[in-house]
Amino acid sequence: MFENTELLCIIGPTASGKTALSLELARVLEGEIISVDSRQVYRFMDVGTDKVSRKIRSEIPHHMIDVVDPDGFFSAADFVKGAERVTRDILSRGKTPILAGGTPFYFRALFSGLLSADLESWPEVRKEYETRWRDGEAGALYERLKSEDPIYAVHVHRNDAFRVIRALSIIEKTGQNPTYWRKKAMKRKNTISPLYIGLYPGRKMLYSTIEKRVREQFSKGYPEEVETLLSRGYGEDLPSMRGFGYRELAAYHSGRMTLEEAIEGDIRSTRAFARRQMTWFRRFSPCLWYYVSGSGITEQARKVIDLWRARH
């Protein structure tokens with residue numbers, strides 16, 4: 001099914017117009033959209049992750065959205081398995097898969113052919129390390145990681161509790177460090193390749209769009225969404241709740257931050273995230289980059305449609 005298959009991929013930082021472009025392409029190319037977004041996999045997290053409406057999803061099928069509950073574990077390996085499955089299904093029905101999203105690691109996992117071992121999460125071990133982290137051992141745990149796996153530690157910030165604890169859990173339960181498991185990664189046997197279409201509106205416009213979008217989210221139910229999640233027992237220590245916006249609103253609901261402080265914090269965090277995304281996406285090659293504004297999406301869609309049809 002995947003032999004010599006090229007897949008259309010829409011990449012770019014958050015708020016760059018990926019969703020709008022993917023919808024226009026899907027309507028013309030009889031496409032179905034595969035979300036490549038590590039936040040949209042979580043159920044009940046709709047406003048803060050900018051999921052398209054259910055009305056649009058009834059018109060244009062979307063996949064890899066609402067896959068797990070906020071307290072569930074979801075890895076890049078899980079994404080690859082799911083994305084491969086739905087891609088096969090879409091192709092078998094004669095439709096066009098369109099991958100769109102802003103999670104570079106998911107794209108790399110799908111197309112590089114390399115994945116770390118799909119290891120368990122060992123929640124009991126994780127909870128023990130989380131307790132130690134909260135009790136003041138964060139620095140010591142990071143130093144232990146540096147000692148056990150100096151190669152991996154270089155790429156992990158000393159305050160990144162999730163990745164430090166994950167790495168130490170792997171070491172404790174398998175006897176080997178994450179670098180070992182990466183080297184043991186299996187080459188996946190398929191010949192799928194991406195046609196990357198990148199969107200970037202320029203930093204000034206991107207920052208303006210991010211601020212506008214964040215403020216719209218806060219006025220359209222974002223605080224209430226987080227309040228509901230917290231009331232259902234989804235604590236702010238969960239990986240799903242540590243994303244920008246959610247963590248600020250969790251602080252707001254606990255009285256540690258005003259609503260305006262939460263808004264400003266979300267804007268800053270989202271802008272920083274967009275910068276990190278572009279750092280990664282610039283390494284994607286080959287990629288056709290389009291510098292667009294929201295009003296230029298239709299024009300760029302026509303170009304991409306012509307290109308796709310010429311290649312297929």
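Modeller: Buried here means under 20% relative accessible area, with exposed being over 50% and partly exposed in between (1.4 Å probe, protein chains only). Strands (E, at least two residues) and helices (H or I, at least four) are DSSP runs, numbered from the N terminus. In a regular strand, side chains alternate between the two faces of the sheet. With 6 of its 6 residues buried, S1 is largely enclosed by the rest of the structure.

Before going on, some ground rules. This is a predicted model, so local features need pLDDT of at least 70 and side-chain atom pairs count only at pLDDT 80 or more, while totals for chains, interfaces and linings use all residues. Residues are numbered from 1 along each chain as its sequence is written, and side-chain values use heavy atoms, leaving out hydrogens and water.

Now the neighbours. S1 runs parallel to strand S7 (residues 193-199), with 6 bridges between them; two strands pair if DSSP finds at least two bridges. Leu 7, for one, is bridged to Pro 194 of S7. Strand S4 (residues 96-100) is also parallel to S1, through 3 bridges. There, Leu 8 is partnered with Ile 98 and Cys 9 with Leu 99. Put together, the strands form an open sheet of 6 in the order S3-S2-S4-S1-S7-S8, paired in parallel. Its edges are S3 (62-63) and S8 (287-290), each pairing on one side only.

The largest nonpolar core has 48 residues, and Phe 79, Leu 99, Phe 107, Leu 110, Phe 111 and Tyr 196 touch the most other members. S1 (6-11) is among the elements giving two or more residues to this core, as are helices H3 (76-92) and H4 (104-112). By nonpolar core I mean buried Ala, Val, Leu, Ile, Met, Phe, Trp, Tyr and Cys residues joined through side-chain atoms within 4.5 Å. A second, separate core of 21 residues includes Ala 100, Val 292, Ile 297 and Val 304.

Helix H12 (residues 259-281) is where Asp 266 sits. Asp 266 is buried but has no salt bridge, and the nearest side chain of opposite charge is Arg 39, 6.3 Å away. A salt bridge needs a side-chain nitrogen of Lys or Arg within 4 Å of a carboxyl oxygen of Asp or Glu; Lys and Arg count as positive, Asp and Glu as negative, and His and the chain ends are not counted. Beyond its neighbours within four places in sequence, Asp 266 touches Val 214, Phe 218 and Tyr 222, among others.

For contrast, look at Pro 239, in the loop between H10 and H11. Pro 239 counts as partly exposed because its relative accessibility is 39%. The C-alpha atoms of Pro 239 and Thr 5 are 34 Å apart.

Technical notes: Contact = heavy atoms within 4.5 Å.
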